[in-house]
Each structure stands twice: as C-alpha cells, then as structure tokens.
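Q: Please examine closely the contact between the two chains, and then describe the elements on either side of that contact.

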Amino acid sequence: MDFFVILLMLLGALFFTGGSIGIIRFPDFFTRLHPAGKLDTMGLLFTMASCSLYNVNDFNLNNFLVSLKIIFIVAFIFITSPTATHAIADAGLRAGLVPWTKKR
Amino acid sequence: MKIIGIITILLSGSIMIYSTLDFPEWGDPLSPANTHLSVYYIENSMPDTSVPNIVTAILADYRSYDTMFETTVIFAAGLACFLLLRNFRKKKKEYSLYRHIPTGVTLKIKNSADLADDTKLFQRIDSTWVPFDLVTRTASGLIVPFIQIFALYVIAHGHHSPGGGFQGGVIFGAAFILFAISYSLRESLKIISEKTAVILSCVGVMIYAGTGLLCLLFGSNFLNYGSLAQILFTDPVSARSLAILFVEIGVGLAVAGVMIWLYYNISSSGKYNQGL
C-alpha cells in the first residue's frame with residue numbers, strides 16, 4: 001500500500017515539476033497556458049489519489065468519506081481547470097495576441 | 001489641504017505606534033488575555049453555548065456586537081459603492097448595436113431608445129460582446145449548483161467546522177458572479193435584480209439586529225440569546241446554539257447580497273445596461 005502511495009506522490013510531483021518548468025521556459029502566452037492547465041490537473045490527480053489512498057490505510061466509514069471528498073476535489077478540478085484555461089486562451093485570442101511561430 | 005491631511009495621518013499613526021509599546025509581549029503567557037479571557041472561553045464555551053467550534057461561539061455569542069457591526073460595515077461598503085458608482089441619469093445614447101441572430105450581422109441604429117432589448121431576430125449587444133461560448137457556459141452551469149450547496153453547507157456547519165456566515169455568503173455571491181460572468185449581466189439581472197440584491201442584504205442585517213431585539217423583548221440584554229429559550233421551547237444553552245445559526249443565516253444573506261450588488265455596480269460602472 002505504502003509503495004503505491006509513494007509512487008503516486010512522486011508521479012504527481014513529476015507532473016507538477018514539468019508544469020512549473022513549462023510555465024517558465026515556453027515562449028509565449030498560449031504555450032505557457034498549456035502546461036499551466038494540463039500538467040497541473042494531471043499532477044493534482046496523482047497527488048490527491050495518493051492522499052486518499054494513504055487516508056484509507058485503516059479502513060472505516062469515516063476515513064472512506066474523507067477519501068471520497070478528496071476524489072470529489074479532483075472531479076471538480078477536472079471540470080474547472082481546463083475550462084478556465086480555455087476561457088483565458090479565448091480571451092487572449094480575442095484581445096489580439098498572435099500565437100508564437102518559430103520563423104516569422 | 002493636502003499638507004493637513006499628511007500631518008493628521010502622521011500624527012495618528014505615530015500615536016498608534018506609541019500605544020503599541022504598552023502591549024504585552026507577543027505570545028506572553030502571563031498577559032491578561034491569556035490568563036483570564038482565553039481560559040474562560042476554552043473552559044466555558046461548550047457548557048455555555050453547546051457549540052464545539054470555539055471561534056464561532058466567541059464571534060457570534062460572546063462578541064456578538066462586534067460581528068453585528070461588522071455585518072453593518074459590509075452593508076455600508078456596498079452602499080458606498082452604490083452611491084459612488086450608480087448612474088441614475090439616463091444619458092441619451094447616440095446609437096446602439098443590434099445583432100441579427102440568424103446571420104450574425106451587427107447593425108448600428110440611431111435613436112434606439114424605444115426598441116426592445118431582445119426579440120426573436122434581434123439582440124442588443126455591447127461593444128465588448130463575445131459570441132456564445134459553449135464550453136464556459138456548460139462548465140459553469142455544471143459547477144454553480146455545487147458551489148451554492150457548498151455555500152449553504154459552510155453557513156450551516158459553522159458550529160462544527162471552520163466557516164460561518166461571512167465565508168458562506170461570499171461563496172454564494174461568488175457562485176452567482178460566476179454565472180453572471182459566463183452568461184451576461186442582462187441574464188443575471190433577470191434572476192436577481194438590483195432591487196432583490198439590495199433587499200437581500202438589508203434583510204440579512206435586519207435578521208441579525210432583530211434576533212438581538214427579540215432577546216430584549218424577552219427580558220434580557222441585547223443579543224443575550226439565552227432568553228430565546230421561551231419561544232424556541234428548549235433550554236437556554238441549546239437556544240444559544242440555535243440563535244447563533246439564525247445570526248449566521250442573517251450574515252450570510254447580507255454578505256451574499258452585498259457581493260452581488262457590488263459586482264453589478266462595478267462591472268457595468270453603475271449603468272446596468274451593459275457590461276460583462
């Protein structure tokens with residue numbers, strides 16, 4: 001059990017690290033939104049799954065309900081985070097930001 | 001005039017800083033607050049009010065005056081924003097933009113004061129109008145009911161967990177603001193009009209003050225909830241717990257109403273005819 005908890009947590013940390021590096025390293029607004037929206041959502045899935053797994057280590061109804069709430073957090077983030085990224089990218093495009101290309 | 005203002009600020013600021021020198025040390029276990037007050041709260045809040053969350057017991061019962069006037073301050077902030085921003089003068093607009101829905105062509109019409117906002121074929125739009133966005137609307141339509149339920153949970157569960165009227169009211173207002181952003185100001189004004197928002201916030205403050213007044217009518221001090229046991233058919237301790245719930249509901253209504261009211265005024269700069 002603990003092995004899976006550590007594995008999931010490390011996987012989540014990997015996704016978060018990738019997201020943070022991407023936000024710094026990518027060249028323009030739209031490409032930066034990509035790691036901010038996608039990798040954070042995925043990293044959250046893994047870290048929260050690890051948390052809920054750790055929480056049900058000694059299984060009873062109370063711990064199970066807390067874990068269920070953690071899973072609910074993931075579900076809501078999966079709805080809201082991509083939507084927010086979509087809305088921000090949409091607003092950027094409407095405001096006239098030109099997507100980055102390698103050669104003009 | 002500016003110099004007088006600066007001098008006043010400097011003087012009052014230095015007086016405040018000077019007065020902090022008399023304060024007890026940070027975290028001093030022998031200070032009066034830690035030897036008398038905290039001990040009393042920790043030992044007696046459960047037998048006095050039967051509220052497990054000591055913070056709620058202190059805020060809504062022991063220091064109820066403070067919380068009542070905090071609610072009043074929030075209401076006054078909404079009122080100040082309204083008085084500063086609300087534009088009552090109907091300035092004659094030179095033209096309005098109307099969008100023909102089937103073709104998507106936008107028309108600029110002069111002297112459009114007596115034309116309807118929405119018909120089957122035409123729709124009045126703003127200069128910042130954006131086309132219907134399926135993703136944003138569907139997602140916020142999906143998420144808004146859950147946020148509202150969570151807000152009600154936070155208000156009702158303030159006795160047992162962090163939360164209470166202020167937080168729940170803000171979450172409720174934020175849910176409605178999310179709806180107003182993803183749809184439009186006109187759509188949201190159809191659901192909660194300006195009048196409703198104002199009445200909501202006034203009723204919230206009145207519920208709080210009314211609970212206090214009711215205590216006065218049943219023969220105890222203002223906001224001393226124990227005497228409400230006569231009409232709630234319980235012992236004074238559970239009456240305090242119930243009265244804290246009433247007060248939290250009042251605070252929640254007031255804060256939610258003020259949040260929506262502020263959003264209406266700021267997003268349309270007081271004109272209410274267009275905006276997000």
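A: Between chain A and chain B, 1 residue pair is in polar contact, with both residues at pLDDT 80 or more. A polar contact here is a pair of N or O atoms within 3.5 Å; within protein, one must be able to donate a hydrogen and the other to accept it, and residues adjacent in sequence count only if both atoms are side-chain atoms. By class, the side of chain A that touches chain B has 3 nonpolar, 3 polar and 2 charged residues (Ala, Val, Leu, Ile, Met, Phe, Trp, Tyr, Cys and Pro count as nonpolar, Asp, Glu, Lys and Arg as charged, and the others, Gly among them, as polar).

The model is predicted: local features need pLDDT of at least 70, side-chain atom pairs count only at pLDDT 80 or more, and totals for chains, interfaces and linings use all residues. Residues are numbered from 1 along each chain as its sequence is written, chains are lettered from A and ligands numbered from 1 in the order in which they are written, and side-chain values use heavy atoms, with hydrogens and water left out.

Chain A contributes 8 residues to the contact and chain B 9 residues, contact meaning heavy atoms within 4.5 Å. The two chains, A and B, bury about 700 Å² between them, 78% of it on carbon and sulfur atoms; buried area is the accessible area (1.4 Å probe) that two parts lose on being put together, summed over both. Of the area that chain A buries against chain B, 51% comes from A:Phe76, A:Thr83 and A:Arg94, more than from any other three residues.

One salt bridge joins the side chains of A:Arg94 and A:Asp90 (3.7 Å, N to O). Both residues lie in helix α3 (residues 61-94) of chain A, 4 residues apart, about one turn of the helix. Helices (H or I, at least four residues) and strands (E, at least two) are DSSP runs, numbered from the N terminus. A:Thr85 is also found in helix α3 of chain A. A polar atom of the A:Thr85 side chain lies 2.8 Å from the backbone oxygen of A:Ser81. Leaving aside neighbours within four places in sequence, A:Thr85 is in contact with A:Leu33 and A:Gly37.

Chain B holds an open sheet of 3 strands in the order β2-β1-β3, with antiparallel pairing; two strands pair if DSSP finds at least two bridges between them. The edge strands, each pairing on one side only, are β2 (105-110) and β3 (122-125) of chain B. Strand β1 (residues 95-100) of chain B pairs with β2(B) over 6 bridges and with β3(B) over 4 bridges. B:Leu97 stands opposite B:Lys108 in β2(B) and has B:Ile125 as its bridge partner in β3(B). Also in β2(B), B:Leu107 is the bridge partner of B:Tyr98, and B:Thr106 stands opposite B:Arg99. β1(B) and β2(B) form a hairpin with 4 residues between them, and B:Gly104 in the turn has a positive phi of about 80 degrees.

Terms used. Salt bridge = Lys/Arg side-chain N within 4 Å of Asp/Glu carboxyl O.
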